[in-house]
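Work through the exercises below with the model open. Each task is followed by a stepwise solution.

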Amino acid sequence: MEVYTLDEGGTATVTIRTQGGGPEDVDPVPWELDLQDYLRTVYALDTSAHPRDGLCSVLIYTKGEEHFDDSNANGQYDLGETFLDTYDDPFGDYNDNGLYDDLTSVDPEELYIDASDDGQWNGISGDWDASKYLFANFPILITGSPVILSDSGTFEVADGGAAVIRVLVCDQNLNPLIAGSSVTISTDKGQLAGNTGRIYSDSSLIGPSMLGHLSLIEYVFEIYDAEPATADAFELATITVSVEWDGGTYEGHIVGTVPATIADTTTEPKNDSDALCQGCCSSHGSVVCNNGVTECGDGSALSQTCIDKGCDVCE
Ligand SMILES: [Ca+2]
Ligand SMILES: [Ca+2]
Ligand SMILES: [Ca+2]
Ligand SMILES: [Ca+2]
């Protein structure tokens, strides 16, 4: 990593280049175990992967003095003034717990800068330090290709009803996709309401709870009967989950049934344009076809005269 510029306010601009390797494999914390349980139950996804496995800690350190409250306003630290005692040896906080983890941890041993060159990691000194390494760990979320899952392989929408569907879109560590990726959920029949898509923004945010994390990777919506009063048949509907990721399109499909709409079941009467059928239904509306059966516009049956004239045939 290289410092490019340092402005008057002391803000440095840096460019980070990665070279092989990846984030350390760390143990799941409780909210991640809850997430794994939820995905096992709802999506039948059995995985030991968890979001923090995709989190990379970048150590940033520089020389400086420990912060203090200059109570007597003389511009320097005086004994008794409140100060922020910081760890003496900067370390890469791989498991993002804010603490230094050595060989005895269940997580990987964390590398540190041995500021005093004494061969061991040193924490806070208890004294105010005028010159030392000050540091922070900057989290970067490293993610991969999309995984698309639904909570059920199919659905059935009753007449006038709705079905709730859950879709999961995440990477191999259950993390949200990289910035610029998008999710679009659509259906060819029926209508959808709820969370049916997003464009991902640039963020390293994960968790910090199971529900918080689910809001980043789960889409909950319903498919409902768009014309509750008119259904008298059912038809197949295909819900498509389309994910744009890294220049490619990835799709998942869920096929179920929804009540058919009039537009889908009505065909033209064969003799509709024939003058002989015009006025056939008189005040009952013109002749229509519903699921292959002719009737008058108000639902009443065709008269025998109409049938005799051959107006009872659908195309
Ligand atoms: Ca002072
Ligand atoms: Ca100190
Ligand atoms: Ca740590
Ligand atoms: Ca040391």
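**Exercise 1.** Find which residues touch the most other members of the largest nonpolar core, and which elements supply it.

Solution. Of its 27 residues, Ile165, Val169 and Ile223 touch the most other members. A nonpolar core is a set of buried Ala, Val, Leu, Ile, Met, Phe, Trp, Tyr and Cys residues joined through C-beta atoms within 7 Å; buried means that 20 or more other C-beta atoms lie within 10 Å of a residue's own, with C-beta atoms placed from the backbone. Next, the elements: at least two residues each come from α1 (30-43), β6 (162-170), β7 (182-187), α2 (210-217), β10 (218-224), β11 (234-245) and β12 (248-259). Helices (H or I, at least four residues) and strands (E, at least two) are DSSP runs numbered from the N terminus. β6 gives the most, 7 residues. Another core, of 8 residues, lies apart and includes Cys281 and Leu302.

The model is predicted: local features need pLDDT of at least 70, side-chain atom pairs count only at pLDDT 80 or more, and totals for chains, interfaces and linings use all residues. Residues are numbered from 1 along each chain as its sequence is written, while chains are lettered from A and ligands numbered from 1 in the order in which they are written.

Conventions
A residue is buried if 20 or more other C-beta atoms lie within 10 Å of its own, exposed if 12 or fewer, and partly exposed in between; C-beta atoms are placed from the backbone.
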